[in-house]
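Let's take a walk through this structure together. Keep the picture open beside you and follow along.

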Amino acid sequence: MPYEDPLKEYLDEDPERRVKLFYIYTRIMIVSTFLIAFGVMVYILITLKII
């Protein structure tokens, strides 16, 4: 018996769910990129004793 993915079944029921999930993932990736860049800048400023 092959493995059935419950997430795939959930997303295949309504195609709109797949789009919403894509938008959520996209926003999370954008926000996390800015947070990482901000953290690196703060780290550099602390290392150089500017802050």
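Let's begin with Phe-22, which is exposed because its relative accessible area is 54%, and the cut-off for exposed is over 50%. Keep in mind as you look that this is a predicted model. Tyr-23 comes out at 49% relative accessibility, so this residue counts as partly exposed.

A search for aromatic pairs across the whole structure turns up one. That pair is Phe-22 with Tyr-23: the ring centres are 6.1 Å apart and the planes meet at 50°, so we call the pair tilted. Why tilted? Because stacked needs planes under 30 degrees apart and edge-to-face needs over 60, and the rest count as tilted.

Another ring to find is the one on Tyr-10. Over this ring sits the charged end of Arg-17, 4.1 Å from the ring's centre.

Now zoom out to helix α2, which runs over residues 15-47 and has 33 residues. From its first C-alpha to its last, α2 reaches 48 Å, close to the 48 Å expected at 1.5 Å a residue. Here's a handy bit of background: an α-helix has 3.6 residues a turn, so residues three or four places apart point the same way. Just after α2, look for Lys-49, which takes a positive phi of about 60°.

Finally, check out the surface. A nonpolar patch there covers about 940 Å², and its members include Ile-36, Val-40, Tyr-43, Ile-44 and Leu-45. Leu-48, Ile-50 and Ile-51 are also among them. Leu-45 belongs to helix α2, and with a relative accessible area of 32%, Leu-45 is partly exposed.

How values were computed: Residues numbered from 1 in each chain as written. Predicted model: local features only at pLDDT ≥ 70, side-chain atom pairs only at ≥ 80, totals over all residues. Heavy atoms only, no water. Phe/Tyr/Trp six-rings, centres within 6.5 Å; stacked < 30°, edge-to-face > 60°. Buried < 20%, exposed > 50% of the residue type's maximum accessible area, 1.4 Å probe, protein only. Lys NZ or Arg CZ within 6 Å of the ring centre and 35° of its normal. Helix = DSSP H or I, 4+ residues; strand = E, 2+ residues; numbered from the N terminus. Expected span 1.5 Å × (residues − 1). Patch = residues over 30% accessible without salt bridge, like charges linked within 9 Å, V, L, I, M, F, W, Y side chains within 5 Å. Areas by Shrake-Rupley, 256 points an atom, 1.4 Å probe, with all protein chains shown as cover. Salt bridge = Lys/Arg side-chain N within 4 Å of Asp/Glu carboxyl O.
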